[in-house]
Amino acid sequence: VHHSNNTAFNAPFSLPFSTYQVFGLSSVAQVVLGKGDFGQQLSINLGFGIGVTLGIHAAGGISGAHLNAAITLTHCVLGNLPWRKFPAYLIGQFLGSFTAAATVFGLYYDALYDYTKGNFTVTGPTATASIFSTYPAPYVSLPGAFFTEFTATVMLLLGILIIHDEKNNGALKGTQALLTGILVLGIGLGMGMNTGYAINPSRDLPPRVFTAIAGWGMDVFTAGHHWWWVPLIAPTLGSLAGVLIYKLFIDFHNQPVLESQNEKGQPVVETS
């Protein structure tokens, strides 16, 4: 992921994140409120995958496509991003995510009211809080749920770094956004059952705050054995672990760009 020289002012950066979240959250709303007549779990996976692809295209020139607070923090720790930019990126992500939740709430308000009879709940037969934020399945222990989010984020980081690894077998220029969307789709297909694959603090906390304000109350923070902190900490640790694994097993074994291009028979081009 490249980094723009811009400071990533909050307003233009919030819009791409809103785009990503609106696609994802609205797909969940349609599946839940449509009672299975307007899509299944695959619809949700596709919705988030498409949203990520479009969000990266929209934000790539503004911020280098930072749509995940855990990844942004990881880049700061590695020295790839100045710490002075971290607050602007974080605020932009959170504003965009909060706005997306409000947008989907307005879009499906009538359906929400019809489905719940005006009683917005976090648990029960007509629970709807999971439209906006993730909650663990009833059978999952807290350590098991934490490990799920940690592992899913490790796979996310490994995939992103591999896609952008020009010293190895990086993706063709212009396909990175699509492949990252497919990567998120794959994570949802294989690791979404236990926790709903938050894999992103920016995706989970702002909508949770919105639902607390919009009628679901403080239950959104106490449900699932106070689950709310796991989508913040587990993805952050998973992001750092993913970079470490990538460095140890792939990056340290890569050949320099020019050398690897010579061996592949490709012309050597000096780049700034």
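In which hand does H4 pass H8? The crossing is right-handed. Before I go further: this is a predicted model, and everything I say today is computed from it or taken from a record.

Let me stay with that pair. Helix H4 covers residues 86-107, and its axis runs 8 Å from that of H8, at an angle of about 45°. That angle makes H4 oblique to H8. On the H4 side, the contact is made by Gln93, Phe94, Ser97, Phe98, Ala101, Ala102 and Phe105. On the H8 side there are Pro201, Ser202, Arg203, Leu205, Pro206, Pro207, Val209, Phe210, Ile213, Ala214 and Trp216. By type, the residues of this contact divide into 14 nonpolar, three polar and one charged.

The next pair is H6 and H7. Helix H6 is residues 142-163, and its axis comes within 10 Å of the H7 axis, crossing at roughly 155°. Roughly antiparallel is the label here, because the cut-off for it is over 145 degrees. H6 also passes H7 in a right-handed crossing. From H6 the contact uses Thr148, Thr151, Ala152, Met155, Leu156, Gly159, Ile160 and Ile163. From H7 it uses Gln176, Leu179, Thr180, Leu183, Val184, Ile187 and Met191. Ten of the contact residues are nonpolar, five are polar and none is charged. As background, an α-helix has 3.6 residues a turn, so residues three or four places apart point the same way.

Now helix H3, residues 69-78. How many of its ten residues are buried? Seven are, so the helix is mostly covered, buried being under 20% relative accessible area. The buried ones are Ala69, Ala70, Ile71, Thr72, Thr74, His75 and Cys76. Among the elements that cover them are H4, H6, H8 and H10.

Thr236 sits in helix H10, residues 230-249. Its relative accessibility is 15%, so Thr236 counts as buried. Leaving aside residues up to four places away in sequence, Thr236 touches Ala70, Leu73 and Pro201. Ala70 is one of the buried residues of H3, and Pro201 belongs to the H8 side of the contact with H4.

On to backbone angles. Most residues other than glycine have a negative phi. Two residues here go the other way. Ile199 has a positive phi, near 45°. Where does Ile199 lie? It is in the loop between helix H7, residues 176-191, and helix H8, residues 201-216. Ile199 is buried, with a relative accessible area of 6%. The second case is His226, with a positive phi of about 60°. His226 belongs to helix H9, residues 219-226. Is His226 buried, partly exposed or exposed? At 44% relative accessibility, His226 counts as partly exposed.

Last, the record. An unreviewed UniProt entry lists residues 88-109, 145-164, 176-199 and 226-246 under "transmembrane region". In the model, the span 88-109 is 95% helix and 0% strand, and its end C-alpha atoms lie 31 Å apart. The span 226-246 is 86% helix and 0% strand, with its end C-alpha atoms 32 Å apart.

Key:
Residues are numbered from 1 along each chain as its sequence is written. This is a predicted model: local features need pLDDT of at least 70, side-chain atom pairs count only at pLDDT 80 or more; totals for chains, interfaces and linings use all residues. Side-chain values use heavy atoms; hydrogens and water are left out. Helices (H or I, at least four residues) and strands (E, at least two) are DSSP runs, numbered from the N terminus. Buried means under 20% relative accessible area, exposed over 50%, partly exposed in between (1.4 Å probe, protein chains only). Axes are lines fitted to C-alpha atoms, for helices over the stretch in contact, and angles run from 0 to 180 degrees between N-to-C directions. Angles under 35 degrees count as roughly parallel, over 145 as roughly antiparallel, 65 to 115 as roughly perpendicular and the rest as oblique. A crossing is left-handed if the near helix is turned anticlockwise from the far one by less than a right angle, and right-handed if clockwise. Contact means heavy atoms within 4.5 Å. Ala, Val, Leu, Ile, Met, Phe, Trp, Tyr, Cys and Pro count as nonpolar, Asp, Glu, Lys and Arg as charged, and the others, Gly among them, as polar. UniProt positions are given in the numbering used here, feature names are shortened, and annotations may be inferred rather than shown by experiment.
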